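Work through the exercises below. Try each task before reading its solution.

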Amino acid sequence: MLFNSYGFLFAFLPLTLAGVGICRQIARVKWKNGRLHRLPGIFLLAASLFFYGLGGIRHLPFLLGSMAVNFGLGRWIEQSVKPKTRKRLLAVGLVFHLGALVLFKYLEGGRFMPLAVSFYTFTQVAFLVECYGGKLKGVDGLSYGLVITYFPKMIQGPIALWGEFLPQIQETYGRGKGSAIKNTKGWDWERIFRCCYLFVLGLFKKALIADTLGKAVDLGYASLSGLHSWDAVIVMISYTLQLYFDFSGYCDMAMGISGLIGVELPINFRSPYKAVHIIDFWKRWHITLTGFFTRYVYIPLGGSRKGRARTYVNVLAVFLVSGIWHGTGAQFLVWGMMHGVLYVITRAALESKGFARFSEKYEKMRGWGKRLLEGLSVAFTFAYVNVAWVFFRAPSVKDGVELLKSIVSFQGGRVNRELAACFNLDEFWYVIKVLGIDGWQYAHEICMVWILAGAVLLVFFGRTAGDHVKRAKPKVIHGVVMAALFLWSVLSLTGVSSFLYVNF
């Protein structure tokens, strides 16, 4: 089941929120057994498993089996006193999870790949590592199950680290006896409003912006040989924007839903296309994945503790792992190494004595000169990321190279009419007809220009949805805007599409 579906919006979500609320009210009743405080957590776990099962009931047995094995190994590691035994148990767990991931995702060619296996495998591996390090002790089964299956984040993140997420779950829905009951003593209407507003903004980003751009991207990659330079540029930029609005839209929706449930999810995006260099980009893009790889790959490899050369090798290893995780094709390795190589070059430049001298001069600069340098740096980073995304999206390295060749061929001409028509939302095209300009030879390009320009302005000059919601107050105007965006998005769900990162 997808967040952007009628079943989720009008059945699963309201019923789940109502069920959690009812269970919280029941939990306030003082029963003799003293365990009724767990009822909201039990209901939420059941709802999360039901949500996962709706995506494919055949995937549920492997999820439950892997959770049982992993929880048992984690407790065994925790209780073992011999270092060798702990290491062996950790090794068994890593082989089990990573072996299953390799089997389903790579050796089987994706013929049977359990839904969200990459995301919950990461979470389960992290559990074993934290147990081995002595940082997780006495985790109860209910809390463990909720961390793994928590439906707002399970399918494609954000990836919540155990040290940050587990305490919330334990206090609110696990073994903690306070919050699940105390939270029923009143309604925080401002928080509810902001959570709903954030969800609606995420739905709008997905249903109206990302899916519209996606039509052009799919058409372009299906007919690469017929693209001239302008067509190829539009396809490339459209995917760059689509991926951001699709994934960040999902995360906004997940954060909004989770806020209504009473649990805070970590921020995953901070205007990544405003980054001044590639290191800055990875501090803004898929922040939780960067944090995961830093904690469980980069630092165990030695991080920056073993000299500059080893540090750079570790950085490249992280991006290699990231490329492999995202997909089986060589194009994902190209994407990962493009980011890794530029990351190393940028880091070496930032650590050089020459940059230190330049930085001192830069800090003293004022006016248009400083803004120009920053703008050029942002433009270069954005252009480089665009090129890297080509290989991320292309079916193969050859197809990615073909698209880039079309761009640098400088073959002019009008934008393909069929490609431009992908941007013609029915609502906008109706206005064009009413204005009587639908017969103009450039009429099909009007919506394309407006949508692309609007999306670019949003990513470079607009605030993030989270920042916008923080400033919003429960006023009539904001309520009207939220209702209008929700209605518009819902009316656009006839062509429901999956979220892009579900595939990873």
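**Exercise 1.** Is lysine 470 buried or exposed?

*Solution.* First, the ground rules. This is a predicted model, in which local features need pLDDT of at least 70, side-chain atom pairs count only at pLDDT 80 or more, and totals for chains, interfaces and linings use all residues. Residues are numbered from 1 along each chain as its sequence is written, and side-chain values use heavy atoms, without hydrogens and water.

Next, the classes: buried means under 20% relative accessible area, exposed over 50%, and partly exposed in between (1.4 Å probe, protein chains only). Lysine 470 has a relative accessible area of 58%, so it is exposed. Its place is helix 22, residues 465-471. Helices are DSSP runs (H or I, at least four residues), numbered from the N terminus.

**Exercise 2.** Locate isoleucine 437 and name its surface patch.

*Solution.* Isoleucine 437 sits in the loop between helix 20 (426-434) and helix 21 (443-461). Its relative accessibility is 30%, so it counts as partly exposed. The patch is nonpolar: Tyr430, Val431, Val434, Leu435, Ile437, Trp440 and Tyr442. Together they have about 730 Å² of accessible area, computed by the Shrake-Rupley method with a 1.4 Å probe.

**Exercise 3.** Classify two of the aromatic pairs.

*Solution.* Rings of Phe, Tyr and Trp (its six-membered ring) pair if their centres lie within 6.5 Å; planes under 30 degrees apart are stacked, over 60 edge-to-face, the rest tilted. The structure holds 49 aromatic pairs.

- Tyrosine 144 and tryptophan 162 have ring centres 5.8 Å apart and planes at 15 degrees, so this pair is stacked. Tyrosine 144 is in helix 6 (residues 141-149) and tryptophan 162 in helix 8 (residues 162-172), so the pair ties together parts 18 residues apart in sequence. Tyrosine 144 is buried at 2% relative accessibility. Tryptophan 162 is buried at 2%.
- Phenylalanine 382 and phenylalanine 460 have centres 5.0 Å apart and planes at 75 degrees, so this pair is edge-to-face. Phenylalanine 382 is in helix 17 (residues 368-393) and phenylalanine 460 in helix 21, so parts 78 residues apart in sequence are tied together.

Notes: Helices (H or I, at least four residues) and strands (E, at least two) are DSSP runs, numbered from the N terminus. Patches are made of residues with over 30% relative accessible area and no salt bridge: like charges are joined within 9 Å, nonpolar side chains (Val, Leu, Ile, Met, Phe, Trp, Tyr) within 5 Å. A salt bridge is a side-chain nitrogen of Lys or Arg within 4 Å of a carboxyl oxygen of Asp or Glu.
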